[in-house]
Amino acid sequence: MSRRAKALLQDDHVAKSQPRRRRNPAQPNLPFDPMPDRVEPCLALPRTTAPAGPDWAFEVKWDGYRLAIHIEPKGVRIITRGGHDWTHRFPTIAAAAKNLGVGTAILDGEAVVLDDQGRSDFGALQRSLGGRGGKRTSTESLLYAFDLLYFDGHDLTGTEFSVRRHILEDLLDGASGAIRLSEEIGGNGTKLLKNACTFGLEGVIAKRRDSTYRSGRTGDWLKIKCVRSECFMVVGYEQSASARSGIGSLLLAGRNGDEWVYVGSVGTGFNTKDAEYLRKTLDGLKTKQPVVHLKGKNLVFAQPTLIAEIEFCGWTNDGYLRHASYKGLREVQDNAAVFDMGERASP
């Protein structure tokens, strides 16, 4: 566990079962439940305040790529949130999964690269993969596992979170390599969030202890960030003769079913190099059929292809982002992460 995350721990007296004896992977398995090819991930609803009470468990919110690690008798598969096979891009994590000594399992977690303070650094993770659209393999990345969906022939998605967590802790007991346990942090949610922000972490995740694993944003998991950030589709840009590479601001949209909804623009957070790349890429995506209804002589519209992560302070009354700042581009495989406008009213 990272030094910064460990500083958040408030309670060292969490009950744990005895360490599980390592099993022999060659031992024949009894397939009680068929192992799914893929499980749609459980996603966290954004909230501005942390919930209270003993029914909630808290963890650090990691800033990386959501991955499912499928351990099977024939090998390991690493599947992204959008369903893409990225086993070849995370060889160190795949090797660590093989060494866990289990016959079958599905781990749910986040691939990260840590900075020298032990905090997850999304930019460093992207660089380790060769940048957006890059083809490199990341040997620096770690997986912080926070759930166990399938284990030795048993489908655990219908089991409550506290039980899944208990088994996961036993499975990863003492792990310190490329796969680590995302530790539960005990204490008051509001205080934990304040500590996380003080230490420069992204925020905290809250999970209902009695919840089963349900795909999508059900409210069983909540994310409370120090500074809110979400992914939006770049649908064009506003030209400017005085700005970097001619880009005054990027035009952004969120998802509403199969349609796109304009949420405003962002003109800060990107440097000259970023602007040059964005201008070149967006010019190659120009379209005369914009996916949002905007008018302006200096607007250049683009096909909805580039996904940008945007930091912002909230929403205006007319549905636009407040104090938006560009954070970086996400991979095209992260298209499932584009903000759903149905979540905008979340308190």
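## Salt bridges

A search of the whole structure, which is a predicted model, finds 19 salt bridges. One of them joins lysine 327 to aspartate 63, with the closest N and O atoms 3.1 Å apart. Lysine 327 belongs to strand 17 (residues 325-330) and aspartate 63 to the loop between strand 2 and strand 3, so this pair ties together parts that are 264 residues apart in sequence. Aspartate 63 counts as buried, at 9% relative accessibility, whereas lysine 327, at 34%, counts as partly exposed.

Lysine 327 also forms a salt bridge with glutamate 309, where the closest N and O atoms are 3.6 Å apart. Glutamate 309 lies in strand 14 (residues 299-311) and lysine 327 in strand 17, so the parts tied together here are 18 residues apart in sequence. Glutamate 309 is buried, with a relative accessible area of 4%. A further salt bridge is formed by the side chains of aspartate 220 and arginine 214, at 2.9 Å from N to O. Aspartate 220 counts as buried at 7% relative accessibility, while arginine 214 is partly exposed, with a relative accessible area of 39%. In general, side chains of opposite charge can pair when their charged atoms come close.

## Overall architecture

The protein chain contains 6 helices and 17 strands. Of its 347 residues, 50% are buried. Among contacts with a separation of 6 or more, 70% are between residues 24 or more positions apart. The chain exposes about 16400 Å², and carbon and sulfur atoms supply 48% of that area.

## Nonpolar cores

The largest nonpolar core has 33 residues, of which Ile69, Phe90, Ile93 and Ile179 touch the most other members. At least two residues of this core come from each of strand 3 (65-72), strand 4 (75-80), helix 2 (91-98), strand 5 (105-112), helix 3 (122-128), strand 6 (142-151), helix 4 (161-171) and strand 8 (179-181). Apart from this core lies another, of 26 residues, among them Ala275, Leu306, Phe312 and Met341.

Isoleucine 93 illustrates the surroundings of one member of the largest core. Beyond its neighbours within four places in sequence, isoleucine 93 is in contact with Ile69, Ile78, Ala111, Ser141, Leu142, Leu143, Ala178 and Ile179. In soluble globular proteins, nonpolar side chains tend to be buried together.

## Valine 235 in strand 11

Valine 235 is located in strand 11 (residues 229-239) and counts as buried, at 1% relative accessibility. Its contacts, leaving aside neighbours within four places in sequence, are with Leu251, Leu252, Ala253, Val291, Val292, Val300, Phe301 and Ala302. For valine 235 and valine 292, the separation is 57 residues in sequence and 7.7 Å in space, C-alpha to C-alpha.

## Helix 5

Helix 5 (residues 189-198) has Gly189, Leu192, Leu193, Asn195 and Ala196 as its buried residues. These residues lie on the same side of helix 5, because they cover an arc of only 160 degrees around the axis. The exposed residues Thr190, Lys194 and Thr198 are carried on the face turned away from the buried side. The cover over the buried residues of helix 5 includes strand 2 (56-60), strand 9 (203-208) and strand 10 (221-225).

At the start of helix 5, a side-chain oxygen of asparagine 188 comes to within 2.9 Å of the backbone nitrogen of threonine 190. Following helix 5 is glycine 200, which has a positive phi near 80 degrees.

Most residues other than glycine have a negative phi. Aspartate 152 has a positive value, near 45 degrees. Aspartate 152 is found in the loop between strand 6 and strand 7 (154-155) and is partly exposed, with a relative accessible area of 21%.

Histidine 323 likewise has a positive phi, of about 50 degrees, although it is not a glycine. Histidine 323 occupies the loop between strand 16 (321-322) and strand 17. With a relative accessible area of 59%, histidine 323 is exposed.

How values were computed
Residues are numbered from 1 along each chain as its sequence is written. Side-chain values use heavy atoms; hydrogens and water are left out. Buried means under 20% relative accessible area, exposed over 50%, partly exposed in between (1.4 Å probe, protein chains only). Helices (H or I, at least four residues) and strands (E, at least two) are DSSP runs, numbered from the N terminus. The arc is that of the directions from the helix axis to the C-beta atoms. Contact means heavy atoms within 4.5 Å. A polar contact is a pair of N or O atoms within 3.5 Å; within protein, one must be able to donate a hydrogen and the other to accept it, and residues adjacent in sequence count only if both atoms are side-chain atoms. Accessible areas come from the Shrake-Rupley method with a 1.4 Å probe; for residues, only the protein chains shown count as cover. A nonpolar core is a set of buried Ala, Val, Leu, Ile, Met, Phe, Trp, Tyr and Cys residues joined through side-chain atoms within 4.5 Å. A salt bridge is a side-chain nitrogen of Lys or Arg within 4 Å of a carboxyl oxygen of Asp or Glu.
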